[in-house]
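The structure is shown first.

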Amino acid sequence: GLESPSHALRADADPWASSATTTCVTLAEPHRYDRDLEIILYPCEPHHPHLVMEDGTMTYPEYEAHIRSRRDYIRIARKDSSGERQVAFVQKRFHKDIFPNPVLMLNFCPAVEDVPGDLQSVTREVLFLVDRSSTMSGPDLDKVKEALLVALKSLPSGTLLNLDRF
């Protein structure tokens, strides 16, 4: 199910399906941009992992041709015989080209009421993802440490914390 405390919604899905694998959600009225849009989803199996894949606007060969046609990439490719700078260029560029590339998302919300002990008092879970790639230099990592420290100090009690790096 789904609902919105802020706006009227219309959900289009197969009415005879036992569960909707694809649902198109649209606003039932024109949006006036006077408040945030809130949508609350109620999955039919909330404690099972859900995997979502969104196709990109380009195929891999199209994206490769797009990158290779960029002037800044051509300049780097002429100077770089080993290919390391070319790979670094694509890595730096990848987050800017999110729409042409496919995106994979995994949602998992375990049932903590079945777990004994202190985990039952958890009110929320926060996950921090930290970029530890070779493009992150010393000053950048210092900024990440400072940001994490500020975030950790502002978390209320009863918060389950996960830290992951990639």
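**Strand pairing and surface charge**

Val 52 has Met 105 in strand 6 as its bridge partner. The model is predicted, so local features need pLDDT of at least 70 and side-chain atom pairs count only at pLDDT 80 or more, while totals for chains, interfaces and linings use all residues. Residues are numbered from 1 along each chain as its sequence is written, and side-chain values use heavy atoms, with hydrogens and water left out.

**Strands 5 and 6**

- Strand 5 and strand 6 (residues 103–107) run antiparallel and are joined by five bridges; two strands pair if DSSP finds at least two bridges between them.
- Buried means under 20% relative accessible area, exposed means over 50%, and partly exposed lies in between (1.4 Å probe, protein chains only).
- Strands (E, at least two residues) and helices (H or I, at least four) are DSSP runs numbered from the N terminus.

**Positive patch**

- A patch of positive charge on the surface brings together Arg 71, Arg 75, Arg 78, Lys 79, Arg 85, Lys 92 and Lys 96.
- Patch residues have over 30% relative accessible area and no salt bridge, and like charges are joined within 9 Å.
- Lys and Arg count as positive, whereas His and the chain ends are not counted; the charge is placed at NZ of Lys or CZ of Arg.
- At least two patch residues come from each of helix 2 (71–79) and helix 3 (84–94).
- Helix 2 gives the most, with four residues.
- Lys 79 lies in helix 2 and counts as exposed because its relative accessibility is 61%.

**Salt bridges**

- There are three salt bridges in the structure, each defined as a side-chain nitrogen of Lys or Arg within 4 Å of a carboxyl oxygen of Asp or Glu.
- Asp 34 pairs with Arg 35, with the closest N and O atoms 3.1 Å apart; Arg 35 is partly exposed at 39% relative accessibility.
- Glu 64 pairs with Arg 68, with the closest N and O atoms 3.2 Å apart.
- Glu 64 and Arg 68 are separated by about one helical turn because they are four residues apart in helix 1 (residues 60–68).
- Glu 64 is partly exposed at 29% relative accessible area, and Arg 68 is partly exposed at 47%.
- Arg 70 pairs with Asp 72, with the closest N and O atoms 3.1 Å apart.
- Arg 70 is partly exposed at 23% relative accessibility, and Asp 72 is partly exposed at 24% relative accessible area.

Notes:
Patch = residues over 30% accessible without salt bridge, like charges linked within 9 Å, V, L, I, M, F, W, Y side chains within 5 Å. Areas by Shrake-Rupley, 256 points an atom, 1.4 Å probe, with all protein chains shown as cover.
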